[in-house]
Amino acid sequence: MERALVDTFSRGIPSLPSADKMANIFSYESSDVDWCEDNYKHSEIVVEYFNTMSSFIFFLISPIMLYLLHPYAKERNLAAKVVCHLYLSSGIFSIYFHMTLSFMGQILDELSILWVLAIGYSLWFPRKHFPSFVTDRRSFSQLVLVMTFVTTLFSFYKPTANAYALNFFAIHIIYSLLVELKDCPNKRILGLTRASIGLWVLAISCWISDRFGCSFWQKLNFCYLHGIWHILIVLATAYASTLIAYLDATLEIPYSLPDVQYWPRDSWAIGLPYIVLKGATKLRKRC
Ligand SMILES: CCCCCCCC/C=C\CCCCCCCC(=O)N[C@@H](CO)[C@H](O)/C=C/CCCCCCCCCCCCC
Ligand SMILES: [Ca+2]
Ligand SMILES: [Zn+2]
């Protein structure tokens, strides 16, 4: 019965009263998207259990990154911390979406990613790559704001197309990073770049494979690729955002001599990257 109501809504037949439509967009399985994982396999109230649980990785990585990013954010721009908080909201909406597979969950999941990316672009996109008609960062941010607002409205009309479009941002970010790092001699930074891109390639392979190869994975009884995507994309963005912040610091606060280290131990083969400021900072400069 519920499915029938949902189908009616998704086909846009205007016979339902609007209160029903509102209820529908919050109702379980009202989204067009259904990931490969079996629904209600482990719980009666959580539709996709592993996809929901894997989204908790946001709660693990975001606070650590918030803590590690603090010296850079204090020196350069505290808005970097806002990005981390918004990033956490992506985790909350991802949990809500996979728990319910509701239309509203899908919209919130996608819009939170869109707005994190928009604020990230406003803060960090290199000035030299601004379109020629944009004169400064303020006008660039205003342009990004208008485009994000329009895309937000469009996403209610075609939410599924929005998910594909969001993945193209990753390609643009990788392209911009490779242009920036063309002549970079620093082996640590090149290693961080390779790791970020490698994690993203693994992540997007899982996303695509879950979307388009579900019948194959069902035969193997392994339907967890979207959950693995969550873990890999969170790590890829943690790595890539450190790299972007490092490039920004070398351009905007070069006196602070930024460098990259790994948490919890710099000598370990795996860890979370973060920025250390080895030179002067605002506080030390004043003395
Ligand atoms: C750790 C703190 C860092 C703070 C700043 C990090 C900036 C992060 C930028 C984007 C956030 C991405 C969050 C991904 C959430 C995934 C939720 C999800 O799985 N949603 C799916 C539905 O469940 C949906 O279908 C996915 C849509 C596509 C999302 C595309 C995200 C692109 C992110 C760009 C990453 C660039 C990596 C570059 C690597 C070199
Ligand atoms: Ca499913
Ligand atoms: Zn997801």
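Helices here are DSSP runs of H or I with at least four residues, numbered from the N terminus. The model is predicted.

Stop 1: Select asparagine 221, in the loop between helix H10 (214-219) and H11. Its phi is near 60 degrees, a positive value in a residue other than glycine. Is asparagine 221 buried or exposed? Asparagine 221 counts as exposed because it has 7 C-beta neighbours inside 10 Å, and the cut-off for exposed is 12 or fewer.

**Stop 2: another positive phi.** Go to tyrosine 40, in the loop between helix H2 (18-26) and helix H3 (49-54). Tyrosine 40 is not a glycine, yet its phi is positive, about 55 degrees. With 13 C-beta neighbours inside 10 Å, tyrosine 40 counts as partly exposed.

**Stop 3: a cis peptide.** Next select tryptophan 263 and proline 264, which are joined by a cis peptide bond with omega of about 10 degrees. Proline 264 sits in the loop between strand S1 (258-263) and strand S2 (272-277). Most residues other than glycine have a negative phi, and most peptide bonds are trans.

**Stop 4: ligand 1.** Select ligand 1 and the 31 residues around it. Which of them come nearest? They are Met65, Ala170, Ser196, Trp200 and Ala240. Colour the shell by class to see 21 nonpolar, nine polar and one charged residues. Then show the helices that each supply at least two residues of this shell: H4 (57-75), H5 (79-100), H6 (103-124), H8 (159-180), H9 (187-212) and H11 (225-252).

Key
Residues are numbered from 1 along each chain as its sequence is written. Chains are lettered from A and ligands numbered from 1 in the order in which they are written. This is a predicted model: local features need pLDDT of at least 70, side-chain atom pairs count only at pLDDT 80 or more; totals for chains, interfaces and linings use all residues. A residue is near a molecule or strand if its C-beta atom, placed from the backbone, lies within 6 Å of it. Ala, Val, Leu, Ile, Met, Phe, Trp, Tyr, Cys and Pro count as nonpolar, Asp, Glu, Lys and Arg as charged, and the others, Gly among them, as polar. A residue is buried if 20 or more other C-beta atoms lie within 10 Å of its own, exposed if 12 or fewer, and partly exposed in between; C-beta atoms are placed from the backbone.
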